[in-house]
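Please open the structure in a viewer and follow the stops below in order. Each stop states what to select and what is found there.

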Amino acid sequence: MTPGQAYRTLRSEWKENLIIKDPIVPPFIVRKKEELRLWISNHVSVDVADFLFWFSVENYLGLVMWLLLFFVFVRLEFGIVFFICSVFFFIFYNLGSRNKGEMSAYSVFNRGAKALPGQLTAAQFEAELLHKY
């Protein structure tokens, strides 16, 4: 096998591994998680148990980290500043982005203020009120 063939083989294997989106979780962890879910659902309502298992571990760790930092900033008497900055960060982090050519639901952000198909415009609303079909 030449170095070029080895490179192409490794590259294709690497691409195949990137296609897997679900992390491989050991069966022991899956079994323990189901046991915990069953125990919690026996002690609280099913809705609460579903809510608790709706979040991922990363979300819980992020929440714990935020709470720890919040309490540190409260001790430093900058709790409100940290909270307000956190709110702004959360807002801007979740804004998202549009693909090229995709229109916004708000016509003021589209080129030429184009409305989405089927969207009720002020001119259409006025025409309907005044029966100007």
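Begin by selecting helix H4 (residues 57-75) together with H5: the two pack at an angle of about 145°, and their axes lie 7 Å apart. Axes here are lines fitted to C-alpha atoms, for helices over the stretch in contact, and angles run from 0 to 180 degrees between N-to-C directions. Helices are DSSP runs (H or I, at least four residues), numbered from the N terminus.

This is a predicted model, in which local features need pLDDT of at least 70 and side-chain atom pairs count only at pLDDT 80 or more, whereas totals for chains, interfaces and linings use all residues. Residues are numbered from 1 along each chain as its sequence is written, and side-chain values use heavy atoms, with hydrogens and water left out.

Next, display the side chains between the two helices. Trp66, Leu69, Phe70, Phe73 and Val74 of H4 meet Gly79, Phe82, Phe83 and Ser86 of H5, contact being heavy atoms within 4.5 Å.

Now select Phe88, which is placed in helix H5 (residues 79-93).

Finally, return to the whole protein chain, which has 6 helices and 0 strands. Its pattern along the sequence is α-α-α-α-α-α. Of its 133 residues, 7% count as buried. Among contacts with a separation of 6 or more, residues 24 or more positions apart account for 0%.

Methods: Buried < 20%, exposed > 50% of the residue type's maximum accessible area, 1.4 Å probe, protein only.
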